[in-house]
Structure formats: C-alpha cells, structure tokens
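Hi,

Here is the model I promised to pass on.

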Amino acid sequence: MTDHHAAPDGPAAPSGLTAPGTPPGPTGPDAAVRPGLREFIAGLPKAELHVHHVGSASPRIVSELAARHPDSKVPTDPEALVDYFTFTDFAHFIEVYLSVVDLIRTPEDVRLLTYEVARDLARQQVRYAELTITPYSSTRRGIDERAFMDAIEDARKAAEAEFGTVLRWCFDIPGEAGLTSAEETVRLATDDRLRPEGLVSFGLGGPEIGVPRPQFKPYFDRAIAAGLRSVPHAGETTGPETVWDALTELRAERIGHGTSSARDPKLLAHLAEHRIPLEVCPTSNIATRAVRTLDEHPIKEFVRAGVLVTINSDDPPMFGTDLNNEYAVAARLLELDEQGVAALARTAVEASFLDPAGKARILDEIDAYTSAWSTP
Ligand SMILES: O=C(O)c1cccc(C(=O)CC[C@H]2O[C@@H](n3cnc4c(=O)[nH]cnc43)[C@H](O)[C@@H]2O)c1
Ligand SMILES: [Zn+2]
C-alpha cells in the first residue's frame with residue numbers, strides 16, 4: 001500500500017480499510033490539525049465546487065460496476081483499488097480515470113453513480129455541490145443522450161428530496177479528445193430539448209499539455225451565450241499562461257485548480273482584483289504529482305495575495321480523500337482555527353452559482369453552526 005492513501009481518522013480512503021494507527025502519508029491526517037477541528041469540519045455545512053462525477057465513484061461503486069463488467073481491468077476488490085489508484089503522473093491518472101469511465105455503460109449505471117455520489121456528499125454535510133460531468137465520454141460509449149440526461153436529473157431530484165443536498169451540473173469538454181468532443185459537449189449543453197434543468201456551468205478538463213485553451217473559445221462563447229458560467233481547469237499541469245488564456249479567451253469566472261498562478265504576481269493581482277476564485281484541490285495536486293508535497297502547495301501564496309480560495313476534493317476516492325479531509329489539510333497549511341475554516345466554507349458558498357436565497361440559507365446555517373460550536 002502506498003502511504004498517500006493512509007488516512008486513519010480522515011476520509012474513507014480508497015480501500016476504506018486503512019488500519020487505525022497507519023502512519024500518515026503526505027496527504028493524510030495531520031497531527032498539526034488542532035484538536036477538535038476535524039469534528040468541527042465534519043459537522044460544518046459546506047459547498048463543493050470542484051468534484052468530478054466519475055471521479056467520485058466510491059470503492060464500493062467501482063467494485064460493483066467492475067463485477068458487473070468482468071472484461072474491465074479495474075479491480076473488483078476494494079483493497080486492490082488502493083494500488084490501482086496510485087498514480088505515477090497526471091497522464092497515468094487520466095488513463096486510470098478512463099478505465100473507470102469505461103465501467104459506466106448504461107443509464108442505470110449513471111443514475112446509481114450520481115445518487116451514490118450525492119449520498120457521500122450529504123454524509124459530509126455538503127449542502128450544495130457543482131458536479132463536473134463529461135457527457136461526451138458517456139454518449140460516445142453508446143449511452144443514449146436523452147437517457148443520460150434523465151438519469152442524472154432523476155438522481156439529482158431524488159438526492160435533494162432524500163438527503164437535502166442540492167446538486168448542479170458543470171458539463172466539461174475532455175480537451176484531449178479534440179474539437180469533436182467540444183462540439184458534442186456544447187450541443188448537449190445548449191440544445192433546449194436536452195439541456196438538463198440542473199446545468200449551470202461549462203468546463204474544460206483532462207490534460208493541459210498540448211491542449212491549448214484558446215481553441216475552445218467558440219464553444220465557450222456559445223455556452224456563455226446560452227446562460228452557462230465558464231469554469232475551465234487551467235494551470236493544474238501547465239504554467240500561468242494557461243490561466244491567462246482561460247480568463248481572456250474562455251472568460252472564466254472561476255478557475256479549476258489554477259495552481260501555477262502562484263508563479264505570476266500580475267496574475268495573482270488580477271485574480272484578486274477581479275474576485276475570480278480558485279478551486280483549490282490540495283490532495284489531488286499531490287496524487288497526480290502536479291505538486292511535489294503539500295508543504296510546497298501554493299495555497300498560502302494565494303491567500304496572501306488576496307485571491308479567493310475555495311477548497312475542493314476533485315476525484316476524492318481516487319485520491320484517498322474527501323471534502324472534510326481537504327478542509328483539514330487547508331486548515332493546517334493556512335494555520336486556521338474554527339472561524340478560519342468557517343470563512344473558507346463561506347467563500348465556497350459565495351463563489352457558487354447557487355441562487356441568492358439558496359446561498360443565504362447555507363450561509364445562515366454556517367453561522368449558526370459556528371456560533372453554537374464556540375458557545376460553551
Ligand atoms: O472519454 C473519452 O473518450 C476521452 C478521450 C480522450 C480524452 C479524454 C479525457 O481527457 C478525459 C479526461 C477527464 O478527466 C476528468 N478529470 C478528472 N479529474 C481531473 C483533473 O484533476 N484535471 C483534469 N481533468 C480531470 C475531466 O472531467 C475529463 O473529462 C476522454
Ligand atoms: Zn478537476
């Protein structure tokens with residue numbers, strides 16, 4: 001077992017079987033997190049703005065789907081998944097990610113996955129999540145587009161009714177799949193007969209190296225004209241120029257990761273001035289080896305520069321984390337107490353694409369929870 005999945009009192013690591021007392025790995029729980037802070041985080045109402053649909057499949061769901069489709073190379077044993085979800089670099093991560101995408105073959109698989117993802121979010125007191133979905137990956141594998149939309153919408157409505165967690169969708173272009181995938185994604189996102197009610201934003205994911213952002217401008221223009229918000233990944237595995245491209249060409253309102261922005265003081269100043277939040281996913285950056293160690297993560301520089309930082313989990317079971325653990329990691333890196341952690345949760349709600357009344361409701365909940373916690 002590799003140690004970056006060791007998380008004794010943290011999230012359900014990929015195996016869910018990590019023995020208590022396992023030495024913490026670079027992204028595991030920190031002795032330095034103040035006593036009681038993990039409990040505070042666990043009960044804190046939160047919003048998750050950067051989490052991938054397929055990348056959120058729990059070990060139980062992955063093994064259930066792998067057992068259904070025995071031709072797949074994905075292990076059926078949740079323990080074996082820990083090694084399977086250990087990545088040598090970003091390209092290896094995408095290769096493994098796509099092998100899990102290959103397991104989603106029917107509208108029922110889509111519905112099950114979506115509903116279970118919502119259940120996992122609700123368990124962490126996530127009140128609102130924008131889930132990044134790549135419809136192209138499913139339709140090109142033969143899932144009927146109408147049935148796909150019905151499956152995610154059905155799960156969204158059931159999750160809201162049963163768990164109280166509000167889900168919204170970000171449809172992303174898998175950039176490396178080329179302009180055909182961009183055309184297909186924007187068509188699915190803007191065709192009034194298909195576009196799901198829960199869709200709020202338009203994204204761009206996958207590898208960045210060799211996939212320049214400007215080529216996607218016409219597709220983002222169409223999505224924005226149809227009322228969608230622009231949230232591309234940028235600066236995860238390439239330099240700050242990619243983030244500039246996302247801002248100027250794709251009119252990004254938030255940036256997925258934006259890690260390399262720290263290398264460009266002018267960019268940091270621009271992000272701060274224009275209040276463009278970064279969707280920071282610390283453990284993801286270590287797991288894909290985009291950043292070497294957590295202590296080298298630039299989150300502190302973002303905060304110091306006045307950039308709005310939101311904390312997110314990206315592909316939590318694949319990275320042996322969950323949103324609560326990401327808040328604990330951020331608390332250690334930023335040296336936060338309960339008030340500081342609550343401020344991070346507030347920033348995520350404010351940076352979300354939820355309507356004003358929905359935002360106010362969660363913000364009130366955060367305040368009530370935080371003052372009840374600090375009242376003896
Ligand atoms: O589905 C296909 O057939 C296909 C063909 C070629 C390339 C791709 C992709 O590149 C899919 C990548 C997929 O990865 C998702 N994702 C999940 N986590 C991350 C992340 O941290 N950074 C970037 N992308 C991520 C993303 O949603 C893409 O759809 C697919
Ligand atoms: Zn992502």
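Helices here are DSSP runs of H or I with at least four residues, strands are runs of E with at least two, and both are numbered from the N terminus. The span comes from an unreviewed UniProt entry, where residues 45-368 carry the annotation "domain: Adenosine deaminase". UniProt positions are in the numbering used here, feature names are shortened, and such annotations may be inferred rather than shown by experiment.

Some housekeeping before the details. This is a predicted model, where local features need pLDDT of at least 70 and side-chain atom pairs count only at pLDDT 80 or more, while totals for chains, interfaces and linings use all residues. Residues are numbered from 1 along each chain as its sequence is written, chains are lettered from A and ligands numbered from 1 in the order in which they are written, and side-chain values use heavy atoms, with hydrogens and water left out.

On to the ligand. Ligand 1 is surrounded by 21 residues, and the closest are Ser 137, Arg 140, Asp 172, Glu 236 and Asp 315 (near means a heavy atom of the residue within 4 Å of the molecule or strand). Ser 137 puts a polar side-chain atom 2.5 Å from an oxygen atom of ligand 1. Glu 236 has a polar side-chain atom 2.7 Å from a nitrogen atom of the ligand.

Next, the aromatics. Rings of Phe, Tyr and Trp (its six-membered ring) pair if their centres lie within 6.5 Å; planes under 30 degrees apart count as stacked, over 60 as edge-to-face and the rest as tilted. By this rule there are twelve aromatic pairs. Phe 85 and Phe 87 make a tilted pair, because their ring centres are 6.4 Å apart and their planes are at 35°. Both of these residues are buried (under 20% relative accessible area; exposed is over 50% and partly exposed in between, with a 1.4 Å probe and protein chains only). The rings of Phe 202 and Phe 220 have centres 4.9 Å apart and planes at 75°, so this pair is edge-to-face. Phe 202 lies in strand β4 (residues 199-205) and Phe 220 in helix α9 (residues 217-225), so the pair ties together parts that are 18 residues apart in sequence. Phe 202 and Phe 220 are both buried as well.

There is also an aromatic cluster, formed by Tyr 84, Phe 85, Phe 87, Phe 90, Phe 93, Tyr 97 and Phe 319. Two arginines sit over rings: Arg 111 over the face of Tyr 115, at 5.3 Å from the ring centre, and Arg 254 with its charged end over Phe 353, 4.3 Å from the centre. That call needs NZ of Lys or CZ of Arg within 6 Å of the ring centre and within 35 degrees of the ring normal.

Now some packing. In helix α2 (residues 59-68), the buried residues are Pro 59, Ile 61, Val 62, Ser 63, Leu 65 and Ala 66. Their cover includes α3 (78-84), α4 (90-101) and α5 (107-123), with contact meaning heavy atoms within 4.5 Å. Thr 370, in helix α16 (residues 356-374), is buried at a relative accessible area of 6%. Apart from neighbours within four places in sequence, Thr 370 touches Phe 40, Leu 44, Gln 339 and Ala 342.

Most residues other than glycine have a negative phi. Arg 275 has a positive phi of about 55° although it is not a glycine; it lies in the loop between α11 (265-273) and β8 (278-280) and is exposed, with a relative accessible area of 58%. Arg 289 also has a positive phi, near 65°, and lies in the loop between α12 (282-287) and α13 (299-304).

Cheers

Conventions. A polar contact is a pair of N or O atoms within 3.5 Å; within protein, one must be able to donate a hydrogen and the other to accept it, and residues adjacent in sequence count only if both atoms are side-chain atoms.
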